[in-house]
Amino acid sequence: MASVIEQCQVAPPPSGAAELTLRLTYFDHTWLAFGRNRRILFYNLPISKPHFVQTIIPSLKHSLSLALKHYTILAGNLVCPLINSSGYPELRYKTGDSVSVIFSETTDMNFNYLIGNHPRYAKDFYPFIPQLAEPKDAQGVQLAPVLAIKVTLFPNFGISIGFSNHHAACDGNTIVRFTRAWALLNKSCGDEQFLENDQLIPFYDRSIIKDPHEQGRSIWDIMKTFKVEMRDIIVIPDIDKVRCTFIIGHNEITKLKNLILSRRPSLAHVTSFTITCAYVWTCLVKSEVTTIEIINENVMEFFVCAADCRARINPPLPPSYFGNCVIGYVTQTRRIDLIGKEGFTIAVELIGEVIQKRTKDEEWILSGNWFKEFSTIDTKRLLSVSGSPKFDLYSADFGWGKAEKIESVSIDNGGSMSLSKSKDSNGDLEVGLSLSNAQMNAFAAIFTHGLSLL
């Protein structure tokens, strides 16, 4: 479905660092056991194949190399000690390391179909994401690349840029900043001064992160008991799974806030984020109930959202800190509570309470209690949030205008919703889901009906 035009390796320029090593922190370790992050940016760009080959490809390769001059570690490897060794995982770049980039073309996939909000087969997006190269064995360790990129031309319609990155290397904040930096360098023909103006130069100093309870070592010891999969294994969803994007408008969010405050005037932290997540959570649980025959009303439902801790620890980290600096806020309740008449109100209260409680609790972060809480979660009954309205990935302009659509392919693994700013309005939010066709239809009906009653 996507034929390769060129497969190449892009390295930082010779003027960049010769070597760079970053020891993983306790914020990074958790992600060793998880899969890779995958997302696709679609751009309207009606060009021909010759223009793509002669102009777009050379420009993207040059600007990517300049971006890697600053985000050098993304051209390197995750270095993971073998189970029986005493080493410690780290990120490592040395001269000669590079990022795998594939440039391809598709003539049999409808661009406008892929960028729609309507249900689309999840499997149709997989030709446009890259697979990370196989890990390599070295003395006592395995080395696995942390980033791969695939750029695909839809002749006379547009371009997609697909990313696969290892979450242990960095969180969404960092990968969005890298993407915006690459885009800005491409648009400005390599003018690096714009990166500093937009706070896109990464901050690498990890000595600022305190670990008084040595939770880094404790979490690593726990992670070693799992089989850390260093290969990038891509599982293509079956034909029954569909992706859909739902827009919840600023006016609808305001009405939902007012509804909640009319019921519970004293509730704290009634924000666009809590309102949207609570509404999706309750609609999702209700939609599942409509597709199963036997309902256990007392089963526990879990919700997890990631919180950026850069500004929450002392001393605070700069926004451009490179790596992971997120922890999960967990809340739970019985299924019957969410599908009942007060389900939405209960969900808002639970999510708001856990955010309010944990936001300024630095000791909860430093003690490692956030990590221990994950052991209480039933992952089969979990809704987590991928992305954030704070990430303005739509503004990543390579010189072709804003992205037309962003798809978080990672949510196909189940148990997640994507959340981002809407492309067309700062006050609107985009929610992405990947569900069975039957449950998606049920969710869409419940979601739309609820908003129509406001």
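This briefing covers the sheet, the helix packing and some single residues of the structure above. The model is predicted. An open sheet of six strands runs in the order S1-S6-S10-S11-S3-S16, with mixed pairing. Helices H2 (residues 49-70) and H4 (residues 172-187) pack against strands of the sheet. Elsewhere, helices H8 (residues 272-289) and H10 (residues 343-358) cross at roughly 135°.

- The edges are strand S1 (3-10) and strand S16 (405-408). Each has a single partner strand, so one side of each lacks a neighbour in the sheet.
- Neighbouring strands are turned against each other by 15° on average, direction ignored.
- S6 and S10 run parallel and are joined by six bridges. Phe-103 stands opposite Val-151 of S10.
- S10 and S11 are antiparallel, with eight bridges between them. Phe-154 has Gly-158 in S11 as its bridge partner.
- Strand S3 (residues 36-44) pairs with strand S11 (residues 158-166) in the antiparallel sense, over nine bridges. Here Tyr-43 has Ile-159 of S11 as its bridge partner.

- Eight of the eight residues of S10 are buried, so the strand is largely enclosed by the rest of the structure.
- Both faces of S10 are covered. One side carries Leu-147, Ile-149, Val-151 and Leu-153. The other carries Ala-148, Lys-150, Thr-152 and Phe-154.
- S10 and S11 form a hairpin with three residues between them.
- Asn-156 lies in the loop between S10 and S11. Its phi is near 70°, a positive value in a residue other than glycine.
- Asn-156 has a relative accessible area of 51%; the cut-off for exposed is over 50%, so Asn-156 counts as exposed.

**Helices on the sheet**

- Helix H2 lies across S1, strand S6 (99-105), strand S10 (147-154) and S11. H2 runs at about 25° to S1.
- Helix H4 touches S3, S10 and S11. The direction of H4 makes about 140° with that of S11.

**H8 against H10**

- The axes of H8 and H10 come within 8 Å. Their crossing angle of roughly 135° makes H8 oblique to H10.
- The crossing is right-handed.
- H8 contributes Phe-273, Thr-274, Ile-275, Cys-277, Ala-278, Tyr-279, Trp-281 and Thr-282 to the contact.
- H10 contributes Gly-343, Phe-344, Ala-347, Val-348, Ile-351, Gly-352 and Ile-355.
- By class, the contact has 11 nonpolar, four polar and no charged residues.
- His-269 sits in the loop between helix H7 (250-263) and H8. Its phi is near 60°, again a positive value in a residue other than glycine. His-269 is partly exposed, at 28% relative accessibility.

**Met-417**

- Met-417 is in strand S17 (residues 416-421). At 0% relative accessibility, Met-417 counts as buried.
- Its contacts, leaving aside neighbours within four places in sequence, include Cys-277 and Val-280. Leu-383, Ser-384, Val-385 and Ser-386 are also among them. Ile-411, Val-431, Gly-432 and Leu-433 complete the list.
- Cys-277 is 140 residues from Met-417 along the chain, yet the two C-alpha atoms are separated by 8.9 Å.
- Cys-277 is also one of the H8 residues in the contact with H10.

**Phe-194**

- Phe-194 belongs to helix H5 (residues 193-197). With a relative accessible area of 33%, Phe-194 is partly exposed.
- Not counting residues up to four places away in sequence, Phe-194 touches Leu-184 and Ser-188.
- Phe-194 and Ala-306 are 112 residues apart along the chain, and their C-alpha atoms are separated by 29 Å.

**S2 with S5**

- Strand S2 (residues 19-23) has a covered face, made of Leu-20 and Leu-22. Its uncovered face holds Glu-19, Thr-21 and Arg-23.
- S2 runs antiparallel to strand S5 (residues 90-94), with five bridges joining the two.
- Leu-20, on the covered face of S2, has Tyr-93 of S5 as its bridge partner.

**A cis peptide**

- A cis peptide bond joins Asn-314 and Pro-315, with omega about 0°.
- Pro-315 is in the loop between strand S13 (300-308) and strand S14 (326-334).

Technical notes
Residues numbered from 1 in each chain as written. Predicted model: local features only at pLDDT ≥ 70, side-chain atom pairs only at ≥ 80, totals over all residues. Heavy atoms only, no water. Helix = DSSP H or I, 4+ residues; strand = E, 2+ residues; numbered from the N terminus. Buried < 20%, exposed > 50% of the residue type's maximum accessible area, 1.4 Å probe, protein only. Contact = heavy atoms within 4.5 Å. Pairing = 2+ DSSP bridges. Axes fitted to C-alpha atoms, helices over the stretch in contact; angles between N-to-C directions. Parallel < 35°, antiparallel > 145°, perpendicular 65-115°, else oblique. Left-handed = near helix turned anticlockwise from the far one by under 90°. Nonpolar A, V, L, I, M, F, W, Y, C, P; charged D, E, K, R; others polar.
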